[in-house]
Structures are given as structure tokens and as C-alpha cells.
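Subject: Structure handover

Hello,

Here is the structure I promised you. My notes follow below it.

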Amino acid sequence: MTRRSIRLALLLALGACTEQTTAPGVCPDFCPGGQISVGDTIFTDVIHRDSAFSGYVEGFQGEALPVTDLPGVVDSRAIFRMNAMFTRVTNKAGDTTTYPITVDSARLRFDIVHRDTNATNLWVKLYRLPIDIDTTTTFAQLVPSFTDSVVDSVNLSALLSEPLIFDTATLRIWGDTIQTDSAGHILQVGNTDSTLILYVDLDTTQTRFVEADSGKVAFGVRVAGDSLASIALGSIDGGRAARIQWFFTYPDTAAAPKDSSALRAALFDSFVLNPPTPPLDSNLAVGGVPSARSLLRFTIPEVLRDSADVVRATLILVPVGPVPGAVGDSFEVVAHPVLADLSAKSPLGGFIAKHVIHVNDADTVRMEVTDLVRSWAQDTTAATALMLGQVPEASSYSQIRFYSTRAPAFRPALHVTYVRRYVFGSP
Amino acid sequence: MTRVFVPLAALAALALATPARAQDSQFGLRGLGTPGRSESVRARSTGGAFAPFDAFSPLLEASVADVRRVSAGVTGGTSWRTLDFGSQSASLRASRFPAFMIAGPISRRFVVAGGFSTYLDKSFGITTRDTIDVRGTPEPVTDAVTSDGAVADLRIALAARVHRRLALGVSLHGLTGSTSVTAVRHFDDSSTYRTSTARDEIAYHGLGGSASALFDLTSVLRLAAWVRSDKHLRADIRGRTVADADLPFAYGGGVQWRPGTEAVLAASVAWRAWGASGLNAHDTFNWSLGTELGSAASPIRFGVRGGQLAFGPGPKAPTEFGISGGIGKQFSGGRGRLDFGLERLERKGTGLTERVWTFLLGFTVRP
């Protein structure tokens with residue numbers, strides 16, 4: 001036998017070392033003696049020391065400005081102040097001599113980022129506000145301005161029913177199709193989403209360019225409608241701040257008036273509402289303005305650490321009552337793992353569960369927190385707590401309240417499905 | 001020294017490259033495992049009949065008494081197994097190195113041998129489908145339980161030819177090994193239910209002893225007898241004993257007849273008292289008959305075997321019947337030998353028929 005054939009035989013033998021050892025089990029005769037069994041338990045006593053905290057995000061930090069008029073429920077109004085404007089210009093490059101501008105009109109743009117498509121006869125009303133509005137401004141302080149300083153009104157429902165204008169001149173000027181009404185309001189749909197962009201032309205009586213104020217102006221927005229009068233405007237923090245384009249003239253080198261324009265964005269925006277978000281109580285609050293969050297601490301049962309593998313975990317929360325608001329509206333509650341339990345100021349991880357809360361609905365909330373509970377069961381050093389919050393925060397007047405552990409009959413609970421530890425070692 | 005060491009080291013490396021395991025069987029699933037065969041390829045090709053007389057079959061220690069030079073042998077095999085449960089079937093494939101043996105004289109009379117063989121194979125994989133009720137909803141699941149490992153029989157043997165016609169031997173057996181076990185439950189609705197996986201490592205320990213004798217009745221007729229007693233097999237998980245099973249007392253014998261220079265016939269029997277080893281265990285009786293024809297340099301072998309399996313469901317032990325054949329080839333002036341074998345087995349028991357083809361390869365060096 002040659003050396004080559006010996007090597008070939010050995011190679012063949014080693015090459016056959018691929019295995020297929022898994023067969024269908026015909027139980028019980030031809031299956032291992034152990035059984036994979038599932039347990040399912042609602043742990044009602046694993047959550048403790050739960051608390052609600054408020055003040056995380058204020059209204060002026062929100063990603064949207066809710067504007068709502070729901071009699072008996074809430075009246076929410078957006079407010080914003082535009083950035084200062086220059087009042088003098090030079091008419092020749094390199095010249096240091098400046099000339100006053102003469103403002104003849106302005107065009108205000110704001111984005112409607114959220115609306116109820118079932119709303120009827122929905123009016124958007126623009127008001128002139130004092131330029132000293134700030135983060136401390138209250139609903140009551142602005143009642144006079146919102147009563148007698150209406151600047152313009154737009155019937156959004158009617159405007160949406162207007163035909164699309166798409167002639168070449170319109171497309172050249174506006175870059176896209178528009179809808180317009182007899183008052184000259186312009187409506188566009190955002191290029192990348194379904195945001196409505198509303199342009200309102202204002203003359204000098206509607207928006208007063210006051211040189212002493214450096215051209216700063218402030219506006220407020222209300223809505224009215226036959227039903228579902230609820231929208232949300234884009235905000236500075238949401239990257240969709242209101243903008244105003246000032247149209248003005250100034251003398252050119254021949255002293256003839258020369259047309260020009262300048263764009264200014266909102267420097268401050270917020271919203272005021274009535275009634276304000278109620279103060280915290282013994283329940284677990286989530287959402288509202290300023291935003292509230294609720295911290296839930298857990299004690300992982302020993303059975304889940306030693307003798308079981310969690311395959312599903314559901315957090316059960318019972319709302320105190322339905323969330324008041326516009327019919328058809330909703331918001332999201334999310335759960336974040338707490339990285340270190342520092343109470344209200346605990347650092348949080350990325351959200352691991354979310355649930356859509358439908359307004360006027362008091363159904364029990366169930367949030368899937370499987371991965372989090374699995375990690376808690378395996379990592380005994382982890383902070384076993386989670387924080388419930390609203391997304392986005394402080395962009396809605398809506399706040400949900402859940403029963404806490406102080407209400408034994410409705411306290412939050414953890415529903416866990418687990419696979420019991422397989423018993424190895426016996427046939 | 002180098003000429004001796006290199007081939008032996010290569011053999012040992014080859015044998016240790018893969019866990020020592022025998023061809024497994026579904027019949028061993030509900031028992032301690034599948035008992036291994038203490039047979040070289042030469043013995044296996046003769047149905048196991050030559051095992052009591054073959055120095056490289058780790059069955060009898062007395063048979064190494066005639067090893068006058070350091071020698072080593074390794075056995076490897078690949079099996080293709082089909083399972084027929086009646087309602088469903090499956091095909092499996094596995095490769096094993098079930099035996100390694102090295103022996104050499106330490107004095108004019110005494111020979112010492114060592115090595116390992118498979119005592120219990122514990123490798124298997126099972127998948128089952130089911131639908132369970134979870135939170136009031138039926139959920140389809142797939143369970144997979146796998147075990148990978150074996151209990152090896154580490155043997156140190158001492159043999160001596162005490163008389164021209166009589167050779168005796170004794171062995172101490174250390175039973176050791178481990179299995180890596182997993183149990184996985186996978187839910188079809190994997191977005192809602194996570195897959196559960198449990199893993200563990202089971203270590204096994206046990207002790208045993210054996211003694212054997214070879215007696216030449218005439219110059220052409222040789223008799224063999226052996227007896228072996230193993231103690232408990234303890235199973236530990238992370239240092240905690242989870243099972244303690246009785247191991248069998250076993251005995252057997254054989255006869256070898258050499259009617260000519262190029263013909264050898266042998267027969268052997270063995271009894272093993274596995275019945276006390278727990279659930280689904282049975283006492284077994286096995287027999288074999290085989291022949292080796294041709295010159296010692298390139299013999300051809302045939303054999304037939306039958307008997308019972310140690311584990312299987314039901315009150316009656318599953319049965320086994322097999323035929324085998326093979327060839328051998330010496331090379332390098334008899335310093336090395338390659339053995340090839342092919343075996344066909346059929347095992348029958350309550351609810352299952354197993355059919356196995358096994359290709360065997362053995363390598364022996366005598367540097």
C-alpha cells in the first residue's frame with residue numbers, strides 16, 4: 001500500500017466528520033426524561049416605591065405646540081415671538097451710510113404638524129400678542145390679547161377643499177402646488193411628509209413694524225371649529241419654527257424706492273392652556289405640561305433568577321380614568337430602563353416598550369418589557385427600575401394617570417411567562 | 001526514540017481530536033446512554049468475535065500479554081443511521097473515534113497497556129413540535145434537546161503470560177467524561193415570546209475493575225474468559241450530584257480456532273447486568289461469530305453478531321443483529337497496519353427500528 005493511498009484513506013475518514021445528530025422526537029419513549037414546561041404568573045407585589053415626578057420638559061421646550069379648543073376639556077393656544085429685524089440698510093457696497101427701511105407687508109408661515117382629518121369647519125385664528133411673552137407667561141395674562149387682537153382668520157377646512165394650483169408660474173414661485181382662498185392664504189403640503197404649511201399675508205395694520213422694538217412681533221394662534229378643533233404647530237425645538245418674511249423698501253442711490261425682503265424665525269415659542277395640568281397626586285402621572293414621568297422599581301422574584309427563563313414579560317397598568325382630549329387623538333407612553341436609580345434624576349437608557357394611549361379610553365395598558373426583565377433576571381447588578389414617559393414630551397396637554405401601589409386593588413403588576421429550568425442529568 | 005514517539009503521538013492526536021464516542025442509538029435516550037463497543041476495527045469486522053483475542057480491542061487485558069513491542073492502535077468510524085418510528089423516520093450521520101489503545105512490555109513477562117474507549121455514548125439531538133396554551137392562546141412551539149458527549153473508559157491494564165498456555169490480565173477502569181447539554185424552546189411567535197435556552201455541563205465519574213484469562217487448549221484452540229465489575233456512575237452539575245446509577249457486572253468468554261495458517265474462526269458471548277441501572281434498563285446477552293481468512297499481511301474478515309440492547313422502552317430489551325466484513329493491510333514491513341471495515345446493524349424494539357451502516361477505519365503502528 002502506497003503512502004499516498006494511506007493518506008487518502010485518512011483524509012476520507014476525517015472528511016466524514018460532518019454530523020447530523022438531531023432527530024425528531026417520538027415522545028415519551030424516545031425523548032429525554034426532562035420536560036420543557038412553561039409557567040405563567042401575574043406578580044402583583046414585585047413593584048414597589050413607585051413615584052411620579054414633574055418638570056422634565058416645559059411647554060417652550062416641546063417639539064410641537066398644541067392648539068385646541070375643546071369646551072369643558074381644554075383650551076390650548078400657541079404663542080410665539082419673532083426674532084428682531086434690522087431697521088436700516090446701506091444701499092451701496094462699502095458705504096457706511098445707512099437708510100431706514102419702510103416695511104409695507106409681511107408673510108407669516110407656520111407649519112401644522114398635527115391635525116384631525118375629521119375636523120369640520122376648522123378655523124385657525126391669528127392674534128397679535130405683546131412682545132414681552134416668555135416662559136412665565138400664563139393663559140390668564142393673554143386672555144385680553146386673545147380677545148381683541150385678532151389679526152387674521154383662515155378656514156382651514158375650506159382651504160383644504162380648494163383646488164390645487166399647479167400652473168408653471170405657481171410652481172416657479174412656490175416650488176410646488178398650492179391651494180389658496182379668496183383672502184390670499186396659501187396652503188402647501190410638505191415635500192417629505194404630510195405637514196401643512198400655511199402662509200398668511202399681513203399688511204402693516206395687521207403686523208406693526210415698530211422700529212423701537214427692532215421689528216420684534218409676537219403672535220398667538222387659536223382654533224375653532226364645529227368639531228375636533230385640535231391641531232399642533234411646529235416649534236423651534238421640533239425644527240419647524242414659525243417664520244415671518246418682511247417686505248420693505250429703501251432708497252437706492254438715485255433715491256428711488258427699492259424693494260427687498262428679509263426672513264426672521266421665531267426666537268421663542270410655547271403654548272398656554274386652561275385648565276393647566278393638575279398637580280401630582282398619589283397616582284402615577286405620565287405626560288402633560290410640564291411633563292411628568294413615573295418611576296417604577298421592581299424586585300425580581302428569586303424564581304425568575306434561579307429556576308426559570310423569562311420568555312415574555314408584560315407590565316400591566318390600570319388608568320385612573322380616561323384621558324380627556326379630542327376624540328380620535330392619541331399619544332405614546334414609553335418605558336425607559338433606569339441605568340442607575342437616582343430617583344427623579346435617574347439616567348435612562350433607550351426606550352424598550354411603548355404603548356399608544358387613545359384619548360377618552362380607560363383600557364388597561366399592557367407594555368411588553370420582556371427584554372428588560374430578562375436582563376434583570378440575569379444581571380443581579382442592574383438597577384431594576386423603569387421610567388414611564390410621554391413621547392414627545394410637553395407637546396400635548398394630555399396626561400395619563402395610572403393607579404400606583406398605593407391602590408392595592410389596581411396596583412401595577414408584572415405578568416411573566418417563563419420556561420422552568422430544564423432538569424438535566426437524569427434519563 | 002523519535003521513530004517510536006512520532007507515530008504514537010500522531011495516533012494519540014488523531015484519537016483525541018474528536019471526543020471518544022461510539023455509534024449512538026435512540027434506544028439509549030431514556031437510559032444511561034448507548035454502551036460502547038470495546039472492539040478494534042479488526043474485531044468489529046468479525047462481528048466482535050475476535051475482540052477477546054485481539055490485543056487492540058480493549059475488552060480483555062490478557063490479550064496484550066503477547067505484545068512484545070510498543071504498539072498503538074486507534075479506531076474510527078462514520079455511521080449512517082436511519083430511524084423508523086412507524087409514523088415518521090429520520091436519517092442521521094455521525095463520526096466517532098471510539099477506541100485508542102497503546103501497549104508495551106515493561107519486563108520479559110509483564111506488559112502494560114492503556115487507552116480509552118467509549119463506555120456510554122450520550123450524544124443525541126431531539127426536536128419536537130407542539131402547541132401549548134399560553135395566556136389563553138394556543139402557541140406553536142419547537143423544542144430541541146441536545147446532548148454532546150460521552151463517558152469514556154480510561155483503562156490501565158497489566159497482563160502477563162504466566163504459563164506457555166496461560167495469560168492473565170487485570171485492569172483498573174476510570175470512567176470519566178462530560179456532556180454539554182442544551183434545551184431550547186422556540187416559539188413560532190418569536191416577536192412576542194423569546195426563545196428560551198438552558199445550557200449545562202454534566203460531569204460523570206465512576207470506577208471499575210476487570211480481570212481476564214486466555215488459555216490455549218491446544219496449539220489451534222484458544223479459550224478466553226473475562227469478568228468486569230463497575231461501580232456507580234455519578235453525574236454532577238456544577239459540583240452537585242444529580243444522579244447516581246448502578247453500573248453492571250459483566251462477564252463473557254470466547255473460543256478461537258485456527259484450522260490453518262490462513263484461516264481463523266472465533267466466537268464469543270457476553271452477559272451484562274444492566275438491568276439495575278435505572279429506568280428502561282435491561283440485562284443483556286450478546287453473541288458473535290467471525291472469521292479471518294488469508295495471510296496476516298492482508299486478511300479478509302467476516303462476522304455476524306446478535307443480542308440485546310441495554311436500554312429501551314418497554315419490558316423487553318431491544319434486539320440487535322448485524323453483519324460485518326473488512327480487510328486489513330500491513331505496510332512498512334509489518335510496522336503499520338490499516339484496517340477497513342463495513343458493518344450493517346439492525347436494532348428493533350418497541351416503536352422503533354434502527355438501521356445502521358458503519359464504515360470503520362483502524363490504524364495500528366508497531367514502531
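How many bridges join strand 20 of chain A to strand 23 of chain A? There are 4, and the two strands run antiparallel. Strand 20 covers residues 308-317. L317(A) stands opposite V365(A) in strand 23.

First, the ground rules. This is a predicted model: local features need pLDDT of at least 70, side-chain atom pairs count only at pLDDT 80 or more, and totals for chains, interfaces and linings use all residues. Residues are numbered from 1 along each chain as its sequence is written, and chains are lettered from A and ligands numbered from 1 in the order in which they are written.

The sheet in chain A

Strands (E, at least two residues) and helices (H or I, at least four) are DSSP runs numbered from the N terminus. Two strands pair if DSSP finds at least two bridges between them.

Domains and core

Chain A is assigned domain 1 (38-56 + 290-420) and domain 2 (60-274). These bounds come from an automatic or database assignment. Over C-alpha atoms, the domain centres are 40 Å apart. Domain 1 puts 11 residues into the contact and domain 2 puts in 16. Contact means C-beta atoms, placed from the backbone, within 7 Å.

The largest nonpolar core has 186 residues. Such a core is a set of buried Ala, Val, Leu, Ile, Met, Phe, Trp, Tyr and Cys residues joined through C-beta atoms within 7 Å. Buried means 20 or more other C-beta atoms within 10 Å of the residue's own, with C-beta atoms placed from the backbone. Among the residues with the most contacts inside the core are L386(A), V310(A) and V64(B). At least three residues come from each domain of chain A. Beyond four places in sequence, L386(A) touches residues including L296(A), H336(A) and L372(A).

Chain B

Chain B has 2 helices and 17 strands. Buried residues make up 50% of its 367 residues. Its C-alpha trace spans about 80 × 40 × 40 Å along the principal axes.

Best wishes

Note on methods:
Buried ≥ 20, exposed ≤ 12 C-beta atoms within 10 Å, placed from the backbone. Contact = placed C-beta atoms within 7 Å.
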